[in-house]
Amino acid sequence: MRCGASALPLVSIVILLLLTVNTHISHSKDVKESCSTCKQITDNFAKGFERTAKKNFGGGNTAWEERKLSKYETSEIRLVEILEGLCDTSFECNHMVEEHEDLLETWWFKSIKVCCPNGTFGPDCNACVGGSERPCHGSGVCDGDGTRAGDGTCSCNHGYRGELCLECADGYFSEERNDTFSKCTECHPACLTCHGPTRHHCKVCKAGWEQDEEGVCSGKPGGRICDKACSGCRGQGPEHCLTCADGYSDEDGTCTDVDECEVAEPPCPADHQQCVNSQGSYRCVCAGGFQEQDGVCVESPAQEEHEEGSQSVSTDPLEERRSEQHEDL
């Protein structure tokens, strides 16, 4: 059952909780017997709660009685009637009810709270680390969140660490960070630790990777030179990659070139540009009749002259007919 359920299930939850407070049991047999007794009390309390739901004080003037004695549904008389039906002659049952009678009365008259608002924990419903709106700064789970239990300690999500869940774990780097937010992104497979997303950003290479002259973690596990389609490999060829390099995707176990020019969103959006695919990459070039100038594709001079020449030729049908007749003469 969850907090905030209907009244009757909530009664069962509260009774179960109250009857287990400060109960010290050392033997499994005693545990089983106590649980059975507790369940009996809980079931009978629920039945008594339903049985007395539509009752009243039973006097001749109910309205006067409720003004003087408060409403029957929340009265001590109703509670006593329910408690009287909890146990038969069972010593264990009567002893458990007597032991926790004060707690039952406190719950009945003062409505003991068994839950806390989301983002809070413990007996006093204290805010979790990071605040109740974003417990553990949105990157972990607060111990006891939404209950009156727990100590508020954060259990960080994968990739995060620290008491505040703002630090990045090994194999992740901080893509964005401030005092209340952190976005940790996984490093390239070649990196044990890194400060960016590619193998050029490795701080320390993973086992099986070697740092080349440029300080880049190169895929040469065991001295083997990997195919360019691979980020690490267990043999030669794109079918033996550990993971695919950027610009390649795994197709049936083989790292195959991705044709970026065929994707839904064209990678060359500028005017008069066209995409040319290459192995593991692509490039944007100016279309025919255009040339690059200051990073923009502009019409080439030869194309402009051609268009101007075309425009000077008459396209008047009558003029063309007269020309043809002159030639015939």
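Author: Gladly! At 0% relative accessibility, C165 counts as buried, where buried means under 20% relative accessible area, exposed over 50% and partly exposed in between, with a 1.4 Å probe and protein chains only. This is a predicted model, in which local features need pLDDT of at least 70 and side-chain atom pairs count only at pLDDT 80 or more, while totals for chains, interfaces and linings use all residues. Residues are numbered from 1 along each chain as its sequence is written, and side-chain values use heavy atoms, with hydrogens and water left out.

Reader: What is the phi of C165, and where is its place?

Author: Most residues other than glycine have a negative phi. C165 has a positive value, near 55°, and sits in the loop between β5 (160–161) and β6 (167–168). Strands are DSSP runs of E with at least two residues, helices are runs of H or I with at least four, and both are numbered from the N terminus.

Reader: And C136, is it buried or exposed?

Author: C136 is buried, at a relative accessible area of 0%. Its phi is also positive, near 55°, and its loop runs between β2 (126–127) and β3 (140–142).

Reader: How many residues has the largest nonpolar core?

Author: A nonpolar core is a set of buried Ala, Val, Leu, Ile, Met, Phe, Trp, Tyr and Cys residues joined through side-chain atoms within 4.5 Å. The largest one here has 15 residues, and I41, F45, I82, L83, L86 and W108 have the most contacts inside it. Two or more residues come from each of α2 (28–51), α4 (76–84), α5 (91–99) and α6 (101–110), with α2 giving the most, four. Apart from this core lies another, of nine residues, including A190, C191, C202 and C205.
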